[in-house]
Amino acid sequence: MLKNLLIKTAFVVLLLMVPLKAEDGYRLWLRYDKISDEETANRYKQFLKGYFIEYDSPTIAIIKNELQTALNGLLGKNISRTDNPEKNNIIIIGSPDRSPVVSSLISNNELINCGNEGYIIKTISTEGKERILITGKSDVALLYGVFNLLRLMQTHSSIENLYISSMPKIKIRVLNHWDNLDRTVERGYAGFSLWDWHKLPDYIDSRYFDYARANASIGINGTVLTNVNANALVLTPVYLEKVKALADIFRPYGIKVYLTARFSAPIEIGELDTADPLNNDVKTWWANKAKEIYGYIPDFGGFLVKANSEGQPGPQNYNRTHADGANMLADAVKPHGGIVMWRAFVYSADDKEDRAKQAYNEFKPFDGKFRENVLIQVKNGPIDFQPREPFHPLFGAMPQTPLMMEYQITQEYLGQGTSLAYLSTLFKEVLESDTHAKGEGSTVAKIIDGTLDRLELTGIAGVSNIGTDRNWTGHTFGQANWYAFGRLAWNHEINSDQIADEWLRMTFTDNKDFVDQIKELMMNSRETVVNYMTPLGLHHIMGWHHHYGPAPWIKDKHRDDWTSVYYHRADEKGIGFDRTQTGSDAVSQYFSPVARKFSSLEQCPEEYLLWFHHVDWDYVTKSGRTLWDELCYRYYEGAESAGQMRTTWNSQQGRIDDERFNRVKMLLNIQYKEAIWWRNACVLYFQTFSKKAIPDDFEKPDKTLEYYMNLEFPYAP
Ligand code: BDP
């Protein structure tokens, strides 16, 4: 008896010791914690005495709910709906077309540049009254506007004298989930797939709503639910019921659902013995399949296709082209308003051409040959989401074809689930690269937003890093990459600094020292990772298969282009892949000013040096150090900066909640260990070719190369 009582009491005491609100990262950047600075809070309160909305819809219901939750949280105050639009200090929300009050305050003309998703937030000052108008042409535009207003408050910015007019620069802003029907996630490091296929459509996880809400808050308007290495089953009625359930949830948040289409589906789930895109039965099969899908989901977005790449079936199995394949599917979805996102990530083991050149060679000849509802989805660089790659040469090379950007938000090659690498700087680096396609200033951004070639259909995709982990992304800082992707997809002109600033304030605290220090840490983090993994243009030297950790020694596999030696080409003379005229001539796929710069050993930016050149160990780099010394220097510098990240983070203890602080702290320790591991393994391995000493000032690796080469990780994610 007594024992039982003691145990119970101890349990209650323990419970009381646990902080009431666990800060586990679930709330992402939408925490809405009370603003502690009274002055700011009071100023906000003054302007938010109620809201006026004239009509209802599922999206409007979401808006009201978000406003209530946010203002309750941020200001500790309920905001109530008012029937009187003339009241002072209220928010008025609505579209001029549907709200007579709104149309009396703003003309449709003023919204002319807003498209269907853009919005205006505007302070209306009349007769001593101040009202904030949030307007746009659609309900979802209003939702985006509301999230913008809330972001201002979450970042403690002024909400006085507002005039914000914002419209997305890119039309299709999608996440690509590499999620399988068994809930595993290809290259996912945050648990399993969010989509609980087994229990859908009857069991609706509340996370689906929170997922949609988070995406809407950053303007993401589409989600491809399934892996590019596709399973045709998702196109069968049993699964389409489930997909429909998700689509119904996401719709009021402005999010369309897309699926990956397995090219051989007519054989696998149909009764056909071919998937030849020019075969009439195949065409009819897909047309009927599309009709069936639209029967479930009237606003279904369309298909994403990986064809004839890494073993996936495609039109080339029937001696047809990518254009034949893409156009056939495009015709099937066209009557319903759907699109096809056809991936350009193709390279073949049989093609002896430099892998970096193959996508361009295969796709460029088809410029202008695709249907108007086809986008070609191109990875940011010509190989595969490496820590650093030059921009993909297809950007600018297909002026008559909408090219979509594909980024990887999940950090397959940037430390996976254990590393902090803020990717906004990577995203921006690519967007700002100048292709010179139509002279100077022909940036990748202008190609994908359609302005360079006056293309209407535009898109951007990010391979998702989201899973069932309580904090969604495994690493708390993975959330920043999801956030940054959305913000840049909406407006690629925002800078990474601002995005980090917003995210930090909303996610953690607005403590100035914390924000300043951690922002700097974030801004340098990707370069740090590049330095300790693949400095000076090195690439694809990671672990076999799982891609975890360093393995520059990988060779003699069934595919050359899946080895490391194929890419670094180290020998006694030097290191690097000669992609100039004397080598694979990949440089010739770029427009001449770019090609000239990349081909010249002197002018090639050092960050791409070994991407384009095989360079002698004694070559003198810009720092005055020889290539070998410079390589060592970068590896050591990278590892040192990873150590510095720990120190910076640890100096912030107490500024944020212990739970998230400690998690990040432990992960930064792992990252530092991994940085040393990368550094030591790579320097020791490349030393076997350079035969030179590691410069004196650097501490020598305490393990042998053999030790590193023997490490195995059979269960790496
Ligand atoms: C590579 C991944 C592989 C993907 C492939 C793709 O290692 O798992 O299937 O890209 O993009 O980065 O299709």
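In this predicted model, 20 residues of domain 1 are in contact with 27 residues of domain 2. The area buried between domain 1 and domain 2 comes to about 2,300 Å², and carbon and sulfur atoms give 60% of that area. On the domain 1 side, Tyr26, Leu28 and Trp29 are the residues that lose the most area to domain 2, together accounting for 39% of what that side buries.

**Domain layout**

- Nine cavities of 30 Å³ or more are found in the structure, and the largest cavity has a volume of about 120 Å³.
- The lining of the largest cavity consists of 17 residues, and those that lie nearest its centre are Tyr413, Met533, Met542, His547 and Trp678.
- Sorted by class, the residues lining the largest cavity comprise eight nonpolar, seven polar and two charged residues.

**Cysteines**

- With a disulfide taken as a pair of cysteine sulfur atoms within 2.5 Å, the count of disulfides in the model is zero.
- Cysteine 682 is accordingly in no disulfide, and the nearest cysteine sulfur, which belongs to cysteine 632, is 11 Å away.
- Cysteine 682 has a relative accessible area of 0% and is therefore buried, given that the term applies to values under 20%.
- Cysteine 604 likewise counts as buried, because its relative accessibility is 1%.

Key: Residues are numbered from 1 along each chain as its sequence is written. This is a predicted model: local features need pLDDT of at least 70, side-chain atom pairs count only at pLDDT 80 or more; totals for chains, interfaces and linings use all residues. Side-chain values use heavy atoms; hydrogens and water are left out. Buried means under 20% relative accessible area, exposed over 50%, partly exposed in between (1.4 Å probe, protein chains only). On a 1 Å grid over the protein atoms alone, a cavity is a set of points where a 1.4 Å probe fits but cannot get out, and a pocket is an open set with protein on both sides within 12 Å along at least five of seven lines; lining residues have an atom within 4 Å of a point. Grid points are joined across faces, edges and corners, and a volume is the space filled by probe spheres set on the points. Ala, Val, Leu, Ile, Met, Phe, Trp, Tyr, Cys and Pro count as nonpolar, Asp, Glu, Lys and Arg as charged, and the others, Gly among them, as polar. Contact means heavy atoms within 4.5 Å. Buried area is the accessible area (1.4 Å probe) that two parts lose on being put together, summed over both.
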